[in-house]
Amino acid sequence: MSRRIALVPAAGHGSRFGSATPKQYLLLDSRPLLAHTLDVLCRCASIGRVAVVISPGDEWFDSFDWPQPKLEVLRVGGPSRAESVAGGLAALAADADDWVLVHDAARCCLSPDALQRLLDEVGDDAIGGLLAQPVADTVKRASPQGRVAATVPRDGLWLAQTPQMFRAGLLAEALQDAANPAITDEASAIELLGHAPRLVEGEAQNFKVTWPQDLVLAAAILAAR
Ligand SMILES: Nc1ccn([C@@H]2O[C@H](COP(=O)(O)OP(=O)(O)OP(=O)(O)O)[C@@H](O)[C@H]2O)c(=O)n1
Ligand SMILES: C[C@](O)(CO)[C@H](O)COP(=O)(O)O
């Protein structure tokens, strides 16, 4: 029987965030941001394993307590997100038909409801799928001069979130060339194989902490739960 495994890439440097400590280790309510991300995955009864990918040179992880019982630590992070995911996937030694849910460490406000919606709607889909949100605003393409070059029709445009869930065998095949810069999420790797992942409605609160101001919003969301 196929299992569900969560894989959390957490080997980034947070260059846009700009802090000396990588953003996944910044404190939110006295705990590292990453701990909040792992909570929702570890508490999901139908996810059997939760593995976090950190950089081989990570100097922060061991300075915190990680009480989550399902947690495995894979020190195989790579130079890009896709390479970290590919390294983690190889280290998991999952069966080819196991489901792997890849979830950004930096998306610490994923709700149990959105996670369950993904699991339910992807179900036994032949390809797999991802949380995403339809674009709500008018979209502009910028010129190099910082002026509007065009208004882009937003029909059919969605913003990809995570988790993104695919069978381990298909995902490993898709990530064989993980260094390809066109692979910015798991779905894009699957698309390069010619498949069409399923879009499942995500939620605004499942944003990726990217800039310093995002931390304030994440703290407010987590405090309200
Ligand atoms: N080499 C990398 C790069 C990113 N990530 C992870 O991928 C997720 C999404 O990436 P992003 O938010 O872009 O994080 P960073 O790469 O850390 O940020 P930045 O692009 O601003 O440097 C994060 O949880 C990050 O830790 C990773 O595991 N390995
Ligand atoms: C995978 C992702 O979260 C989808 O929105 C996102 O692409 C990761 O961030 P990055 O800046 O592209 O690494």
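1. First, a term for what follows: helices (H or I, at least four residues) and strands (E, at least two) are DSSP runs, numbered from the N terminus. With that in hand, helix H1 (33-42), helix H3 (112-122) and helix H6 (212-223) each give at least two residues to the lining of the second largest pocket.

2. Some ground rules: this is a predicted model, where local features need pLDDT of at least 70 and side-chain atom pairs count only at pLDDT 80 or more, while totals for chains, interfaces and linings use all residues. Side-chain values use heavy atoms, leaving out hydrogens and water, residues are numbered from 1 along each chain as its sequence is written, and chains are lettered from A and ligands numbered from 1 in the order in which they are written.

3. The largest pocket has a volume of about 770 Å³. Of its 38 lining residues, Gly12, Arg16, Ser80, Arg81 and Lys208 are the closest to its centre. Helix H2 (81-92) and strand S10 (158-167) are the elements that give two or more residues to this lining. On a 1 Å grid over the protein atoms alone, a pocket is an open set of points where a 1.4 Å probe fits, with protein on both sides within 12 Å along at least five of seven lines, and lining residues have an atom within 4 Å of a point. Points are joined across faces, edges and corners, and a volume is the space filled by probe spheres set on them.

4. An oxygen atom of ligand 1 is 2.6 Å from a polar side-chain atom of Ser15. Backbone atoms take part as well: a polar one of Pro79 is 3.4 Å from a nitrogen atom of the ligand, and a polar one of Ala106 is 3.3 Å from an oxygen atom. The protein covers 88% of the 560 Å² of accessible area that ligand 1 has on its own (Shrake-Rupley method, 1.4 Å probe).

5. The shell of ligand 2 consists of Arg16, Arg81, Asp104, Arg107, Ala160, Thr162, Thr184, Asp185 and Lys208. By class, that is one nonpolar, two polar and six charged residues.

6. His36, Asp39, Arg43, Leu222 and Arg225 are the closest to its centre among the 17 residues that line it.

7. Two backbone details are worth a look on your screen. The peptide bond from Thr162 to Pro163 is cis, with omega near 5°, and Pro163 belongs to strand S10. Asp29 is not a glycine, yet it has a positive phi of about 50°; this residue sits in the loop between strand S2 (27-28) and strand S3 (31-32).

Technical notes. Near = heavy atom within 4 Å. Nonpolar A, V, L, I, M, F, W, Y, C, P; charged D, E, K, R; others polar. Polar contact = N/O pair within 3.5 Å; in protein donor to acceptor, adjacent residues only side chain to side chain.
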